[in-house]
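Please read them with the structure open.

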Amino acid sequence: MPVLSKKFLPHFIIVILHVVGVVGTLSPLTRELVIALTPLNLILSAGILLACHQGTFRSVMPPLLFCVLVGFGVEVIGIHTGFPFGQYTYGEVLGWKLLDVPLVIGVNWFLLIYAFFSASNFLKKPAFRVLFTALAMLLIDLLIEPVAIQLGYWSWAGGDIPLQNYGAWFVIALVMALVMHRYQPKLYNPVSVTLILSQILYFSAIFFIKI
């Protein structure tokens, strides 16, 4: 029993974090508090993934640093130039900022790339895994964008989400997936699927049940 508990505990924590997030966000009494805890949720989720990583922490450091730094860097460029995503600004929900970009954004890039690349383990050809990851990133961005605006994560100039945003997400995700493959070609972390499904649950619930 202790072995089973240890095995399933990370999955349980991930699910509980997101279920509480859904319930708390939908309740007017706790909405502001729960939304403000979004950065903590992302950091905890990333920590759980890394704790369950099947390999040494050192081995995952190169793609982790690449995704965090490039993800953050491209957002800084985007905020100040409008390239490559379009004109947008971040709200205060995602916590501390550097150069007008929340610090946790780089963590989110790594979190999603790692999770989707791990989930692509059922594909045997590297090219398919990389493409799957980039396409999955594009699809989840389609789900996240309207909810993120609704929750105050960020806002777009003019109120419309430009098509170039999705193209940029795909290209950047493709590059990150290539780097992930370079350093973690056999990456598989069972918690990744739980995290992806939990995030889909959270954003779908908020999308369909307007707050």
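1. How many helices and strands does the chain have? The chain has 8 helices and 4 strands, where helices (H or I, at least four residues) and strands (E, at least two) are DSSP runs numbered from the N terminus. Read along the sequence, they follow the pattern α-α-α-α-β-β-β-α-α-β-α-α.

2. On provenance, this is a predicted model, in which local features need pLDDT of at least 70 and side-chain atom pairs count only at pLDDT 80 or more, whereas totals for chains, interfaces and linings use all residues. Residues are numbered from 1 along each chain as its sequence is written, and side-chain values use heavy atoms, with hydrogens and water left out.

3. As to overall dimensions, the radius of gyration of the chain is 17 Å, which agrees with the value near 17 Å for a compact globule of 211 residues; the radius is taken over C-alpha atoms, and the globule rule is 2.2 Å times the number of residues to the power 0.38. The C-alpha trace spans about 50 × 40 × 30 Å along its principal axes.

4. On burial and surface, 47% of the 211 residues count as buried, that is, under 20% relative accessible area, with exposed meaning over 50% and partly exposed in between (1.4 Å probe, protein chains only). The accessible surface of the chain comes to about 10800 Å², and 75% of this belongs to carbon and sulfur atoms; such areas come from the Shrake-Rupley method with a 1.4 Å probe, and for residues only the protein chains shown count as cover.

5. Regarding contacts (heavy atoms within 4.5 Å), of those in the chain between residues at least 6 apart in sequence, 74% join residues at least 24 apart. A local example is A46, which lies in helix α3 (residues 38-51) and is buried, with a relative accessible area of 6%. Leaving aside neighbours within four places in sequence, A46 is in contact with V107 and L111. The C-alpha atoms of A46 and L111 are separated by 5.8 Å, although these residues are 65 apart along the chain.

6. Finally, on salt bridges, each defined as a side-chain nitrogen of Lys or Arg within 4 Å of a carboxyl oxygen of Asp or Glu, the count comes to 1. The side chains of K97 and E92 meet in a salt bridge at 3.2 Å, N to O. K97 counts as partly exposed, at 32% relative accessibility, while E92 counts as exposed, at 65%.
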